[in-house]
Amino acid sequence: MKKLVLAAAIGVLGGGVAFSSVLSSTAYAQTVTEQQTIQSQLVALAQAGDWAGFQSVVDIQVAAGKSNVLAAIADSLSSMGLALADTDDTAAVALELAALALVDNQSVSAVDTGLAARVGSNVGRVKAKVATRNPNGAAALTAAVNRNSSSTLVAAYTSGQSSGSIGGGTPGEPGSTVDSVTDGENPSQSGSPTGT
């Protein structure tokens with residue numbers, strides 16, 4: 001069920017990419033399809049807690065000159081995480097951890113100077129929403145933010161926490177496929193979302 005929710009969220013929110021009007025409709029469609037394919041891979045890896053695989057996909061895309069696509073994906077994942085925070089806290093945390101891992105890559109964050117602030121704010125809001133229902137997830141978000149070197153992201157995260165509502169929504173179901181990302185995961189382990 002949770003995979004279906006994420007798949008639906010990717011379909012609804014994942015396609016909203018802003019591109020220059022000079023792109024032909026064919027080039028636009030190819031770029032959107034490419035972004036959705038990469039985004040689906042990254043979501044699946046984040047759900048599985050496979051942060052080494054996640055980082056491998058990121059490294060391949062950066063080497064291929066796709067930092068702009070990864071920046072758009074980070075924005076999309078962060079927005080999806082916020083949208084799911086009231087109904088599926090474990091999926092929301094996984095998506096925010098994935099967005100943080102992307103923003104932590106210098107090549108990705110350099111493409112969009114406002115990305116760190118947007119993601120940081122969304123992560124703070126998600127953390128505030130899930131803190132009582134998913135304390136392990138909230139702790140993982142805090143640890144990932146603390147490892148990020150962007151003062152802009154940290155400031156936006158702090159501000160976002162005060163604008164997010166605490167509690168609300170229904171608790172996530174235990175044993176979901178995303179639980180491996182948040183419950184029992186040691187964010188300081190090698191291979192964690194933003195660990196280096």
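## Confidence

pLDDT is the predictor's confidence in each residue, from 0 to 100. In this predicted model, the protein chain averages a pLDDT of 77, and 67% of the residues score at least 70.

## Overall build

The protein chain has ten helices and zero strands, taken as DSSP runs (H or I, at least four residues, for helices; E, at least two, for strands) and numbered from the N terminus.

Of the 196 residues, 47% are buried, meaning under 20% relative accessible area with a 1.4 Å probe, protein chains only. Take the contacts between residues at least 6 apart in sequence: 75% of them join residues at least 24 apart.

## The H4/H5 pair

Helix H4 (residues 67-84) and helix H5 (residues 89-103) have axes that come within 8 Å and cross at roughly 155°; axes are lines fitted to C-alpha atoms over the stretch in contact, with angles from 0 to 180 degrees between N-to-C directions. H4 and H5 are therefore roughly antiparallel, a label for angles over 145 degrees. Residues making the contact include Leu 70, Ile 73 and Leu 77 of H4, and Leu 95, Ala 99 and Leu 102 of H5.

## Ground rules

Residues are numbered from 1 along each chain as its sequence is written, and side-chain values use heavy atoms, leaving out hydrogens and water. Local features need pLDDT of at least 70 and side-chain atom pairs count only at 80 or more, while totals for chains, interfaces and linings use all residues.

Note on methods:
Buried < 20%, exposed > 50% of the residue type's maximum accessible area, 1.4 Å probe, protein only. Contact = heavy atoms within 4.5 Å. Parallel < 35°, antiparallel > 145°, perpendicular 65-115°, else oblique.
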